[in-house]
Amino acid sequence: MTDYGRASERSSAPVSVPGFCAEANRKWVLVAAILASALGFIDGSIVAIALPAMRESLGATLAQAQWISNAYMLTLSALILVGGAMGDRFGVARIFGGGIAIFIIGSIACAVAPTADLLIVARAVKGVGAAFMVPGSLAIIARAYPKAERGRAIGIWAAASAVTTALGPIAGGVLLTLGGDEIWRWIFAVNLPLGAYVLWLLATRIERDPGHPGQGVDYLGAVLATLALGLIAWALTGAEHGEAGDLRALGLGAAGLAALVIFVLWELRAPHPMVRMGLFRDRSFSAANTATFCLYFALSGILFFLPMTAIAGWGVSEIEVTLAFVPLSVFIGALSSRTGALADRVGAGRLIAAGSALVALSFAALALAAPHQNFWGHVFPAMVVMGFGMSAVVAPLSVAVMAAVDEDDTGAASGINNALSRIAGLVAVAALGSLAAATYGAAGGPASFGAVSEAEGHIGAGNAAFAAVAWVTAALAALSSCIAWFGLSRPAPSRAG
């Protein structure tokens with residue numbers, strides 16, 4: 001479950017709350033959920049487009065550029081399940097609103113950040129806010145609407161989210177193309193009026209927001225997850241400075257893996273675990289999540305490194321690069337309902353395998369096309385194929401995850417799958433950044449991969465680095481296809497809870 005068409009859920013089943021809001025105010029609660037989702041959904045894609053401008057403005061290195069993305073993904077990935085649990089514990093609207101407030105504060109800090117390091121800190125703050133905000137988007141709809149009306153409301157939310165996911169980055173791309181080096185700051189500043197309006201809606205339209213004082217929250221699990229993911233990402237990011245094989249990087253990686261082991265051991269015995277490890281005993285559930293990790297690792301890598309290559313290396317405008325991502329949102333929005341229904345008939349595994357194979361082909365095409373620098377003739381058609389392939393994956397992955405568990409576990413399963421897809425993005429940006437830096441250096445690159453430079457050999461080395469990234473992502477998408485085909489090839493029988 002990712003920003004590209006799916007939503008985060010919590011372990012508790014959606015239940016409307018009498019008196020949560022008046023019937024006349026339900027539509028305004030829906031508006032609040034849509035706008036908040038738009039804030040979170042747009043962030044990742046537009047920041048990837050804006051990174052070359054940020055690097056130029058702040059003098060950021062490749063490692064700092066990676067952390068501008070990963071600081072947000074780290075706190076979001078590690079805390080999203082805890083954010084959902086805190087909504088159950090303290091009240092969905094309270095935690096949702098608190099997340100929006102933190103997101104706004106982080107956005108303001110991003111807009112005024114004078115250095116790359118302070119921008120990284122501000123991005124981490126935004127990730128904390130998003131971890132509380134994202135699970136609440138669907139949850140407040142579930143609290144506000146009775147079951148008979150909830151499906152239509154969620155459908156409106158999903159459609160509006162698809163539109164904002166597509167149009168938001170386009171608007172940002174226009175702004176970046178027409179503005180100067182500092183215009184990227186307005187991408188963050190616009191979150192202030194939108195977020196403030198959502199907070200006003202929550203304050204004036206919601207009447208009753210009960211919590212569950214007996215509901216536990218796995219705070220220790222959240223700390224361990226953040227520590228483990230942060231150390232692993234830090235170790236993987238060190239290659240630009242020649243640290244990939246030295247004792248410091250190895251020490252950081254070992255410490256991260258140790259923290260990850262401790263996290264797993266804690267989750268096995270925690271009274272209120274944020275990750276229910278027992279769900280992974282099911283072969284289909286494990287296969288679906290492994291396929292998710294591989295595919296979204298690949299997708300995140302391309303979405304991060306393609307804009308940097310095209311904008312800084314080839315001189316393609318931000319608005320043109322943004323348009324290349326539109327097919328992803330369009331195909332997912334238009335076809336996900338059909339592929340979800342088809343998965344029930346022919347089996348989710350077959351559709352996931354086919355879609356992942358198309359994604360693998362598109363990424364291989366990007367690797368082959370890199371030396372030609374033909375954005376509209378080579379890159380855009382490959383992105384169209386990728387978007388079509390992803391449309392065959394998103395809904396069937398949800399079907400596969402839900403079919404693998406009992407009804408009472410669907411929320412927990414959905415949350416785990418959501419978190420894994422985000423962790424895949426975190427690891428991809430860190431690991432592939434090291435690969436890109438090493439390949440760029442080996443190809444004789446005179447500057448830094450993804451930076452603007454007129455030095456001789458810079459563009460050729462950058463193309464070689466991007467091609468290496470694209471080949472790895474193609475291989476991982478192909479691996480996802482194989483896992484889905486052999487692990488999820490048969491339609492799963494319906495399981496009543």
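Modeller: A helix is a DSSP run of H or I of at least four residues, and helices are numbered from the N terminus. This is a predicted model, in which local features need pLDDT of at least 70 and side-chain atom pairs count only at pLDDT 80 or more, while totals for chains, interfaces and linings use all residues. Residues are numbered from 1 along each chain as its sequence is written, and side-chain values use heavy atoms, with hydrogens and water left out.

Biologist: Is helix 12 roughly parallel or roughly antiparallel to helix 16?

Modeller: The axes, which are lines fitted to C-alpha atoms over the stretch in contact, with angles from 0 to 180 degrees between N-to-C directions, come within 8 Å for helix 12 (residues 348-369) and helix 16 (residues 458-487), and they cross at roughly 165°. Angles under 35 degrees count as roughly parallel and those over 145 as roughly antiparallel, so helix 12 and helix 16 are roughly antiparallel.

Biologist: How many nonpolar residues does the contact of helix 12 with helix 16 have?

Modeller: Nonpolar covers Ala, Val, Leu, Ile, Met, Phe, Trp, Tyr, Cys and Pro, charged covers Asp, Glu, Lys and Arg, and the others, Gly among them, are polar. By these classes the contact of helix 12 with helix 16 has one charged residue, five polar residues and, for the class asked about, 19 nonpolar residues.

Biologist: What separates the C-alpha atoms of aspartate 409 and arginine 276?

Modeller: Aspartate 409 is found in the loop between helix 14 (394-403) and helix 15, and at 14% relative accessibility it counts as buried. Aspartate 409 touches Arg276 and Leu279, not counting residues up to four places away in sequence. Although aspartate 409 and arginine 276 are 133 residues apart along the chain, their C-alpha atoms are separated by 9.3 Å.

Key
Helix = DSSP H or I, 4+ residues; strand = E, 2+ residues; numbered from the N terminus. Parallel < 35°, antiparallel > 145°, perpendicular 65-115°, else oblique. Buried < 20%, exposed > 50% of the residue type's maximum accessible area, 1.4 Å probe, protein only. Contact = heavy atoms within 4.5 Å.
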